[in-house]
Amino acid sequence: MLRRFLPALVPTMLAIAGFGVGLADPYFMEIFIMVGLIGTVAVAWNLMAGFTGLVSLGHSLFFGIGAYTVAYGQVGFGLGPLATWPIAMLMAAASALCIGLLCFRYGLRGYFFSIATLAFSEVAFLLVSATLWLGRSDGMMLPSSPDALRYLQFDHKWPYGLIIVAFLALTLFLSQAFLTARPGYYWRALRDNEGAAEALGVPAMRYKLLVFALSAVLTALGGAIFANTFAFVDPRSTLGVELSIQLLVFGIIGGLGLLWGPLLGAALLIPAGELLRTYLGSGFHGINIVAYALLMMLALLLPQGLGGVLGARLARPSAEKRATADQAPAVEAAS
Amino acid sequence: MSAPQPLLAVAGLGKSFGGLKAVSDVSFTVMPGEIFGIIGPNGAGKTTLFNCLSGLLPLSAGTVHLDGRRIDGLRPHEICRLGLARTFQIVRPFHGMSVLENVKVAAFARHPASAAAEQHARLALGRVGMAHLADLDAERLSVAEMRRLEIARAIATEPRLLLLDEMLAGLTATEAAALCEQIRRINAEGVTIMMVEHSVPIISELCGNAIVLNFGEMLASGATRAVLDDAQVQEAYLGSAAS
Amino acid sequence: MSTTIFLQALLSGLTNGAIYALVAVGLTLVFGVMRIVNFAHGEFLMLAMYGGYLAFTFLGLDPILAVFLVAPVLMLMGYLLFDGLIRPALKVPEINQMAVTLGLSLLLQYLALVAFKADNLLVTQERSTASIWLGPVLIQMPQAIAALASIILLGLFYLVLRKTDLGLIMRVVSQSRDGAALSGIDISGTYRWAMAIGLGTLGIAGPLMVSALYVNPHVGQLFTLKAFVIVIVGGMGSFGGVLIGALLVGIAESIAASWLTASVAAAVPFALLILVMLLRPEGLVPAGGSR
């Protein structure tokens, strides 16, 4: 049992440790919050991309659904997270199922699927930017309320950090539970060879929709937490293509084949970006140039990501097994 | 007592790609427990036939009944669940998984729980004599071993009918003999088998009944010996008697 | 909506559509031949536009003449890009390919930001404000020139594809790479040409467009997305489809813009994509062909 959830347990422990550090240093807490939030969303995204081979470039759609449901739920109806979070997750699941049905029914895969998801999120971005009661491009602020606890309004940052630790743990353990059971095997088989998988009894449509819905729900939860944490949502930060690309970047750098790979990517890149911004100022674009050049090189030369390199060291050595097999007779009598 | 029901009944099966008739008007039955052969030169439509039976391709004409139940038009995974499994000519194991994990994917079809699936996956590997290779990275297998993995995967879905698509091609005499032995063993355990093979000696040895396809059409069907002695078949195979 | 407004929108749409077609055709060529989507496609258009601007500002070259300078430069870029980045990218999984071309797209945007700052630049000449009357509707001179050039070039493109050996080879490779390789066709060379021509078309579109449209470092993204929609709507890898797709997108966008707000009108191409996916997922004019 422990071994099965080790890949979820270790990052969670590290996150708790990080939270501890953040309690002492508020600036660290801010970075911790960003890493924990976006990194966890990236983990959810990777269930589809890395494990099932469905690369969504429009995941910000679900993040935005989460964020805006919370924002408008509060502003328009006075609803608190207790109501808006579940609603957001339901809406995300419904959207994922609709989009998924559309895409998979017509066999969209690879680049076609990715571009289609991008199109959906762009439509959402543009429509929200044009909608008055959602704040258009200026966005919406979540107003302070005397009933602070109900609306998750805190004076300090650390309660949000705590919520994010819970979010991280939930996502990691839930994902690992799925990955080590039948869904995980089915997803990996579908990623690799859908025809062979189907011939072995894997219901492709059902499991693709499952991973899409699961990923969307977790992403929307992330968006919801974002709204409550920062008390402000706008199209650019929640529905923009930049967020979707961030998820891809974290995944590639951290390693797509691992549960915690994207989290590693986030943990490396977000603080690095912050540091450089502090020391070099936000007007210095040279940093971005270097960063993306590095990303490209890494994507080409190290397809398994930095986490993959790490993971290879920890994986079981199959070299010895090969040596044993070489000596086994060509025909072995079965039982 | 009524006559035994065929396990597989194919009637008037046809498959066209645009104007090209890959398979036309093929009809035959396979009885439970037998090993049935499908012979024909390259391009005769044998793999297309398998693709139609397993649901990968929709039929252009005809019907397919598995144990009395119509299966043409169903999705491949539904057909698998109903008891028809197949192997692919070009064997590619699932990437990044061990031999055992590859078979486990298939075992999940009958055993949703991870532990049970793993147990049955090991059993399936044992039946093809590969239990000792369970933890090996599947992509490091030899060709013969990959063929056996392919069969293990298929039998892990606990089929009643197993379609083998040229599993013996390119193997050495020893490897082929071993594989034939394994196939016989699986058949003895209760799995009906249909095999596509080029090698006439192997078909004669293993298969009780067979059909011959040429240019998508069925030249002959019936007892293997009779089929092989058929004049039309001899003519089609002139100069390529044994491969 | 009055007839005149409708006709005006229609004309604008057709004009824009012709230009979009020229932008999208390079993308579909690269995908059709190499099966890779260049997410940085729009950024090369952006560079070509800057090229046209610079040629005008520093060399006093009319944009039409600037084309003869910028297009070869873009072709060279395509050539180098293939060997430097695309060729190695063809060996890695699709998701990594996406990361590579997306990374390139962002890299180029930031390079442009550093080199040119974020200002909107435009080539203004005497004829920039001139317009031609076509019955009750008006067309601006720069747009007219760009559209006309597009049509001529698309025609040339079609001739190259259909009548030349290179075109035949590219069509063969896009239908079946393995078959082509077995026939002794130099696959790498063909890919290189496809990339060079794919970006070369941008070298023609760029200078002409910068006299009609502002250029800034982020203008490429808009075009890449639009080009995607066009290519999928028309059918990936299909030349005729690109034309139809581009005209449809141009017209839909234009009519929507005269009817709805700008933001909503911008969503129209994507809505069109979703509609096409619902009704005719293989695209309007699918090219077909397998690996």
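**Exercise 1. Count the helices and strands of chain A, then judge how compact the chain is.**

Step 1. Chain A holds 15 helices and two strands, where helices (H or I, at least four residues) and strands (E, at least two) are DSSP runs numbered from the N terminus.

Step 2. Chain A has a radius of gyration of 21 Å, close to the 20 Å from the globule rule for 335 residues, so it is as compact as a globular protein of that length. The radius is taken over C-alpha atoms, and the rule is 2.2 Å times the number of residues to the power 0.38.

Step 3. The C-alpha trace of chain A spans about 75 × 45 × 40 Å along its principal axes.

Step 4. Of the 335 residues in chain A, 50% are buried. Buried means that 20 or more other C-beta atoms lie within 10 Å of the residue's own, exposed means 12 or fewer, and partly exposed is in between, with C-beta atoms placed from the backbone.

A note before going on: this is a predicted model, in which local features need pLDDT of at least 70 and side-chain atom pairs count only at pLDDT 80 or more, while totals for chains, interfaces and linings use all residues. Residues are numbered from 1 along each chain as its sequence is written, and chains are lettered from A and ligands numbered from 1 in the order in which they are written.

**Exercise 2. Find which chains share the most contacts, and describe the side of chain C that touches chain A.**

Step 1. Two pairs of chains are in contact, and chains A and C share the most contacts. Two residues are in contact if their C-beta atoms, placed from the backbone, lie within 7 Å.

Step 2. Chains B and C have no contact between them; their closest C-alpha atoms lie 12 Å apart.

Step 3. Between chains C and A, 36 residues of chain C meet 32 residues of chain A. On the chain C side, the elements giving two or more residues are α3 (63-89), α4 (94-116), α9 (219-234) and α11 (262-279) of chain C. The largest share, 15 residues, belongs to α4(C).

Step 4. By class, this side of chain C has 31 nonpolar, four polar and one charged residues. Here Ala, Val, Leu, Ile, Met, Phe, Trp, Tyr, Cys and Pro count as nonpolar, Asp, Glu, Lys and Arg as charged, and the others, Gly among them, as polar.

**Exercise 3. Locate the hairpin of β1(C) and β2(C) and work out its pairing.**

Step 1. Strands β1 (residues 131-134) and β2 (residues 137-140) of chain C pair in the antiparallel sense over four bridges; pairing requires at least two DSSP bridges between the strands.

Step 2. S131(C) has Q140(C) of β2(C) as its bridge partner.

Step 3. Two residues lie between the strands, and G135(C) takes a positive phi near 70 degrees in this hairpin.
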